[in-house]
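Please work through the following exercises with the sequence and the coordinates open beside you, and try each task before reading its solution.

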Amino acid sequence: MLDQIRAFLGGLRDEGRTKPDANNPDVAAVALFFHVIGADGVVDDVESDKLKALIIQEYGVSGAELRELIEAGEEADREAVDLYQFTSILNRSLEPEAKVHFIELLWNLAYADGYRHELEDHVVWRIADLMGVSNRDRVLARQRALAAAGIDDGEAAGDGS
């Protein structure tokens, strides 16, 4: 009974706040960002910092709005059963050129730690496939991300250890 009262009061407190919705394209994108940086089982400070910088740059948010978007994206990723729920949202809201740009952002995150782990590589490939981004565009986006990170393609294939 006491738990029900606490839940009710907590719900009243949260009613006034609007939380980003998992069906929001921005939340879907951030969830996929989290999925990529977490694919290798390690999210280090470099990846977290890159994630925040990328969100600020691409979505123009800061402060409380940034924290809410990050929290909503992280929560959505944790609760997700597959990638399709996010890619389908993005497919409805992004033009083809924007989809390629999004895949390049994913590559930028995958290379944030200086390596492209095979699991991160697979996740980006799968997301690109679900979003209808061609193999050619995916590879070109990867090459641009490599060049931007100043990483030789041979160096990037390591496991980060």
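This is a predicted model: local features need pLDDT of at least 70, side-chain atom pairs count only at pLDDT 80 or more; totals for chains, interfaces and linings use all residues.

**Exercise 1.** Describe the secondary structure of the protein and how far its residues are covered.

*Solution.* Begin with the elements: the protein has nine helices and zero strands, so that reading from the N terminus gives α-α-α-α-α-α-α-α-α. Finally, among contacts with a separation of 6 or more, 77% join residues 24 or more positions apart.

**Exercise 2.** Check whether the length of helix α2 (residues 25–37) fits its number of residues.

*Solution.* The expected span is 1.5 Å times one less than the number of residues.

**Exercise 3.** Decide which residues of α2 are buried, and which helices they pack against.

*Solution.* Taking buried to mean under 20% relative accessible area, one finds that 10 of the 13 residues of α2 qualify, leaving the helix mostly covered. These are V27, A28, A29, V30, A31, L32, F33, F34, V36 and I37. The buried residues of α2 pack against α3 (45–59), α4 (63–79), α5 (84–93), α6 (96–110) and α7 (118–130).

**Exercise 4.** Find what a side-chain oxygen of N24 reaches at the start of α2.

*Solution.* Starting from N24, follow its side-chain oxygen to the backbone nitrogen of D26, which lies within 2.6 Å of that oxygen.

Key
Residues are numbered from 1 along each chain as its sequence is written. Side-chain values use heavy atoms; hydrogens and water are left out. Helices (H or I, at least four residues) and strands (E, at least two) are DSSP runs, numbered from the N terminus. Buried means under 20% relative accessible area, exposed over 50%, partly exposed in between (1.4 Å probe, protein chains only). Contact means heavy atoms within 4.5 Å. A polar contact is a pair of N or O atoms within 3.5 Å; within protein, one must be able to donate a hydrogen and the other to accept it, and residues adjacent in sequence count only if both atoms are side-chain atoms.
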